[in-house]
Structure formats: C-alpha cells, structure tokens
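Notebook open, model loaded. I want to look up how some strands pair and where the nonpolar side chains gather.

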Amino acid sequence: MKKCVFILIACLFLSFLSAAKLDLNTATYEEIRQLPISEVQAKEIYEYRQYVQFFEDLYDLREITSIDQKTLLKLRDLVIISHYDEMDEAAKRREAVDYLIERLGSNEGSSEGISDIWSDYLMTPQNVNHMLFEDFISLPNVSPIDAVAVLKRRARGDTLVDKRDLKNTIGISYYGYSNLRHYVFYKKPPVKRKLFFDYQFRYRTYSYEENPTDMFKSAFLLDGWLGNIPTSHRRDLTFWGYMKLDEYTPEVTHKFRLRFGNDLKMGFLLDYPKGEIAESVSSVDTKTKLEDTKYFVKYDYNFDFLDRKNVFTVVSGNFRATYGEGLVMENTDFFSPRKTGYGFDKRIYGISEDLSRTEVNSLKGVAVEWKNSLFQTSLFASNAKKDAFVYMDQQVDEDGNIHSVPVIDENGNYEVFSLVNSTVRFEDNEMEDAEVYFNNELNAGDPFTIPYINLAPRKNIVDETTYGGHLQFNPFIGTRLGFTSYTSYYNNAEFVVPKYDDLGSVLLRDDYNYPKIKIVDNAVSDLYSTKTDTYDNDYRQVMGFDGMTVLNNVSFQGEYAELTKDGEFFKLGDDPNAYLISSRAQFDNLYLILLYRNVHQEFDNPYSNFFGEKSKLDGTILEDSYLLTNPLLTDLVGNNSQSQPEKGFFIETRYRFNKYFTISKMYLDVFERLSDHRKTYRFDSGLQYRPVHPLRFQIKYTNQTNRYEDDADRQTSTVNRYTASVSASLSARDYISLEYRYDTVWGPPYVYIFNNADGYGYNENATGRVFQHGDYICANYTHNFTEAFKIRGSFLFWDGHGISHWDFEDMEMDFMGAKGYKYWFTFTDRVSEHMIVSLKYRYKQYQTNDFEIRGFYNEAVEIDGQNYYDMVEKDDHAIRLQIDWNF
C-alpha cells in the first residue's frame, strides 16, 4: 500500500514539474518572450514553429541560427516538446479548405471533381520548389501573377524554405499567399508518403426544382374534356403522374478513393440519382449500371530530364481534359455563369481524374500527359455511350397499340436530334411503355398535327469515340502557347437538326402554335448536324489555339476555337468559331479583370465550358414544355452546359480603400445575344464596412436590363435588386448574419388584343403587368458546440409577388416559390479522427402560381371553369446524410 502511495505522489510531482515547463509547440509569442533569452531568439523560435514545422524534440532548436549550445542547455529544464500528431495537422488542413469551398458555394456541381483534387493536395501538399506553372494556377485564389512571382524567385536560385519566405516573395498577393500556403511544403512534407483511403456516402431526399417539375407535369393533352374532367388535369397524361415522380425517392451516392501519396490514385463512383433507384436490386439492369459507374486509375511518374523536373501522367477510366479558356475542351455537365477562371472559378489544367456527377460529357478511356517547364503534351482516347433525343416513327402492333420506334437511316444509324443530360434518366423499357400509353391517348380524340411522340430520350444510345490532344510550348516563365483539337466519331448515329422554317413541324404538337416560333429559336436550328445539304459527316471536330503571358502585375490570356462543318480544317475563319480574350491586373488592394468574348451562333461544342451569362438555348421554344411534342425536350435547356451564342465586354474589380471600407466584387457585363440580337447589360456592386474586424455591414445593388436599346420592345425588362446585410464573426468561430433583399421587375405596357378590361379568369386586365416586386429576409447562423461538433442553419421569409427568389443553403442552391418561409439546419460531427458525419434537415412551406396542368384529378369531379390555380400551398421536407470516412 505504501509503495502505491509513493508511486502516485511521484507521478503527481512529475506532472507538476511538466506543467511548470513551457510547451514550445503550443506557447504564444508572449509566453516564449518570458524565457531567459533575447527578443531575437524568442521571435525566431516562434517563427520556426509557425513557418517551418512543429518541434519534434528539443534538439530541433539547434536548427535556428541564433540558438547555440549554451542557450539550448539553458532551456533544457524550462521547456518541453509535446507530441505533435502530423495527422492532426493534415485533418485541420482538410477542414480549412472544405470550409472555404463550402463558404464560397462550390458544391456537387462543376467544382465537385476539382474539390476532390484540392482536398488531396491539402492532405499531401506539393513541394513549392518543384511545382510547375500549371500546378500553381490550378489552385484556388492563386493567380498567374502569383505563380510567376514564385517561379521567378526560384529561377534566381533562391530556394523557399518556409512560409515566411513564401509570404515575402516579391509580387505575390496576400490572397495568393494565404491560399497557396495550405497546399505546399518546403523541405519536409507534413505528412509522410503513405496509403490514403477515402469513402463518402451520401443519402439525399429533395423535391425537383420548379422548372423540371413544370416539365414533368406538362400534359400531353392540354385542350379538351373527357367527360367532366379537363384532359390537362389528368394525372396519367403526364410523366409526373405516369412515372409516379411525386413519391419520395432518394439520391444515393457511394464514392471510393484510394491513393498512395499523390503519385498513384484510383477510385470509383456508384451514383443513384433521384428517381432512378430500382425497387429491388434484382430489377437493376446490371450491364447498364456498370456502363454508368465511373472509375479511374491514375499514375504520375516524376523524373529529371533536360535538367528539368518532368511529370508523366497516365489515366485509365473516367478523366477530365481541360485547356485554355474552355472553348475547345473542358468536359463537364454543369454550367456556371460568368466563369472567369479566377478565384474559385478554377480549371484544373491538363489531364485529371473524374469522379464527378458529369454524365453526358464524361470521357472514358485512356489519357496520357508529359509536362515540364518547357512544354506540355497530352493525348487522349475515349469510347463512351451517350444519352440522346432520337427521332421516332409510329408503329401499330396487332393489338392496336401505337409504339414510338427509333428512326434508322439507310446506313443503319439512328437519326438523333441532340445529346441530352436528362433530369431523370428513365430506363428505355419504362419510356417505351409510357410512350405507348401516351400515343394511344393522343389518338383517342381529335387528331393532332403530330399525334405521337416523335422525339424521345434513350439511355446510352449513341456510341461515341473521341480522339484528341494538346500541344503546348512555354518559352518564358508565365508564357504559354497551345494548340488543342479533338474529333468525336458517332459510330451509330447521324445528327439531324431541322431548319428554322421546319422547327414547328418537328417540335410542336399542334400547328396552331407554329407562330410561336420566334427569331431567338435560330439557336435551336443552328445546333450541329452531321448531315446537311452541303456536307455529310459522321463526326464532330473542334480545334483551337490558346495563349497566356504575364507582364509585371498584369496577365493576358485568350483562346480561339473553330467547329469544322463544311470548311477546311487548316483554314481559319471559314467555319463557326468562338474566341475569348481577357486580362487581370493585380495590386495590393485592387484587382481588375477585363474580358471580351464572341461566340458564333452555330458554334455547338458539347465539350466547351467557358464564360457566358446564360446557357445555350435559353429563351427558346424548348422552354415551353406544354407546347412540345415531348415535354422532356425542355431538359435541353435546363441541363445545358454550354454558353449561349453571345458577344460582349465584361469588367470586374474589387478595391479595398482601407481597413474599414471595401468595394466587394463589382462587375459590369454588356453583351448581345446573337440568336436574336437582344442587347443586355448587367451591373452588380457592393460596399462593405467593417468598424471592427469581426463585424461587417454590407449593401449591394444589382441591375439588369434586357433589350436596353428599345424601351418599347416586348422583350424589354429591367430587374433591380437591393440588398442590405450585417454579419458578425463570434468567438470559437461562431457566426451570425441577417440579410434583407428587395427586388423589382419592370416591363413595358402592352395591350392584349383579345381581352377586355372586364375579362374573367386570370386575364383580368386589358394591359399586361408592368411592375412586379418582392422581398426576402434571412438569418444565418453557425455555432460550434465543440471543435468537433457544430450546427449551421438559416431561417427565411419571402414574398415574391411573381418574382423568383433564390438562396444558397449549406452547399446547395434553392429556388423558392411565390410566398413562404423555410428553415434548415445541418449538424456536423467529427465522431473520430477518421470520420465526419453530417446531417441536414430542411422544411419549406410556400405558395406558388401553379399551371393548370398541376391540378390533378383521379376521378370525375365538377369543374367550375377555373383551370388556373393562383395560389397552391406546398410543404417540402428534405434530408441529407453524408458520411466521410478517411484514413
């Protein structure tokens, strides 16, 4: 017993002695200054820990120039070195960059695959003394000017040894340094080269957005009655009712990634989007699911050649290829307006792996790349199945059922209207059964001009083989000249797009609506055809040039691309083309971006993803799903990743006057939509005031005017948005904000030809509505219960009065109805060092102006003649569960 008491007392005594010593891995600068050393020595000890590395043992102090053996012996009994777990630092880095991506709205859209790569570099940083120009500018908020500043310093033979060296590099901006430091190391990597495993599970329930919902609820029979039921109200005459899309079906995703350092990576993605989970595993088409599963294996081989660092990369499976400004090649399914390529609107240049949700523009095959500081060359080959809208013919079976069957030309090829990224990728057998039902109903009453479904989507129907490459020469630091080309061969399909005069007879069910085809629908007839009156191809071919250079604190970049149709490949300007040039000037408290683009309306490149205000086909007849022979054609608008044909000038800036006032991101875009020559300008600006660092007041103003050159034109409209907000960063990284927004929309008065002022129904006025307004109030909050457990959420109230409101919630964007409220919250818990669990719940109650096609009836009821339901109450519940397991 006495022995146990003695041991306990000894342990307590040793603990007391340890507590009395100063831990150099956690001490503040002021605490280090209390040691019996000089101010210079204290500063260098603190900066070594902050900018070089944490101390592993006492003898690391001898790495500091001012610490000699005598000082070391003096400190030996006064300080201790606590154990520092390198995985903790890696986890903090992962959390830091995920927080930044989350805060800036990068979600599972265009930035999803990029975020995976950034997270990898966060966990296993690159050596800043070996990185190439493209490595730097592919990182978030690192500009070409920042990259050149580091490369020029290295070229002078100056090796960067710590963060302090990086920060003091002449020419690097504060934002460039503060973001770059998370992704690089200097001498010794913070995490040893080892095997990493990442698994992400996501379960998500949500409602379809308003536009897809309208599309699915568009009835095939809009006019007429069956008994006392209007045909437009029959649930079974819509995809929404027939496919039972109102049932809650979740989105489920499994993502696996395995890597050894940054050299060897592999992974696969198993994704079940909303509406596509089969009732049982046995009902899943195994062959189709394997075709849709994304996977990759990637290897980077680093070697020295020609006295330069060289990297040879090979990727097998799904990959991304990105060059220049995205005019020739940047394969993604997601459109991002005003994508400048700076900040978090980044491109990962060259060849990289792809486990994003990109489907129709995915490349699957083999890609190789060889790069160094002098040149870069890439070659890739892909063979992938693509979804497409196929022309259909009607065929009557022996029972009298009317089938829509694909049209096949004399060469055995499918006749295709366009590739499509469908909101719901229905199985072909489901579509065939639905088409029979709808065709029979269409022929049951008075015949339509097109009494059957003549265009229908089919999964994986187009067999596409793509070959491409990129060659780049880098004559100077920060200067590059590149050439990119690809050719996609359609092995079993011909793309046939009707001429403008024939659009109505192909797209619209009733010839009564043919006059609704407007000049803007040139954008539809100008889609790419492999077969026309002047040429007959079985491929799509795009080529282009790109370049970039940096002069002092200004970068210049641009790209020219051309789609080969009936011209010559090596002759520029004889085919539809697009070009974009931009520059960025960077100062301590100011940046300025200037950009000009000009996109020919016949330039149709599905693998392009470049700067634009609106996506391709916006504003065309394909938006009016209730008029089309197949309402699903509207997916060609809502899910289009290309920019619309437009030309215009864009300027963006941010200026920090002093520590109190900042003009936040301000831009002006003046452009012309080339399909109908509509001219538009959009202006956005904000002023931020910070009386103290944690407190921020901000006002913002947005103005957009369409058809500004003609106030009397029917398409003229002016949108104004006024926003005021206040936010506070609290202790323990808590956060709270309050925002108020007021929107107005003005349109010119115009006279209804057929309506009287005392009309009935919803056409009550003799003139059109000329003014709409709406407001919105939102409170956001973040509370950290502990370092590992936090909640983030929001409360919102809005009244639209015909205006559509939107909101960034967590990592998603939500569009609201006419009037309502909602709240959401997300709990995030790091349950262990290797696992993070996130659970989100959202409730939304709102009213919406519903089309008459939404009032569904399953049995005969009396209808009073009012087929438009002005306000419909809706309740919406959504859940998202995400589990990230990594070790």
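I started with strand E29 (residues 735-746), which runs antiparallel to E30 and is joined to it by twelve bridges. This is a predicted model, so I keep that in mind throughout.

Then I asked myself which residues of E30 (residues 771-784) sit on its covered face and which on the uncovered one. I listed Gln772, Gly774, Tyr776, Cys778, Asn780, Thr782 and Asn784 as covered. On the uncovered face I have Phe771, His773, Asp775, Ile777, Ala779, Tyr781 and His783. In a regular strand, side chains alternate between the two faces of the sheet.

On to the cores. The largest nonpolar core has 52 residues, and I wrote down the ones that touch the most other members: Phe216, Phe239, Phe417, Leu507, Leu622 and Leu633. Strand E14 (residues 375-396) gives the most to this core, five residues.

Setting aside neighbours within four places in sequence, I find Leu507 in contact with Phe417, Leu455, Val524, Ile621, Leu622, Leu627, Leu628, Thr629 and Leu633. I also logged a second, separate core of 30 residues, with Val128, Leu139, Tyr186 and Phe344 among them.

Technical notes:
Residues numbered from 1 in each chain as written. Predicted model: local features only at pLDDT ≥ 70, side-chain atom pairs only at ≥ 80, totals over all residues. Heavy atoms only, no water. Buried < 20%, exposed > 50% of the residue type's maximum accessible area, 1.4 Å probe, protein only. Helix = DSSP H or I, 4+ residues; strand = E, 2+ residues; numbered from the N terminus. Pairing = 2+ DSSP bridges. Core = buried A, V, L, I, M, F, W, Y, C linked by side-chain atoms within 4.5 Å. Contact = heavy atoms within 4.5 Å.
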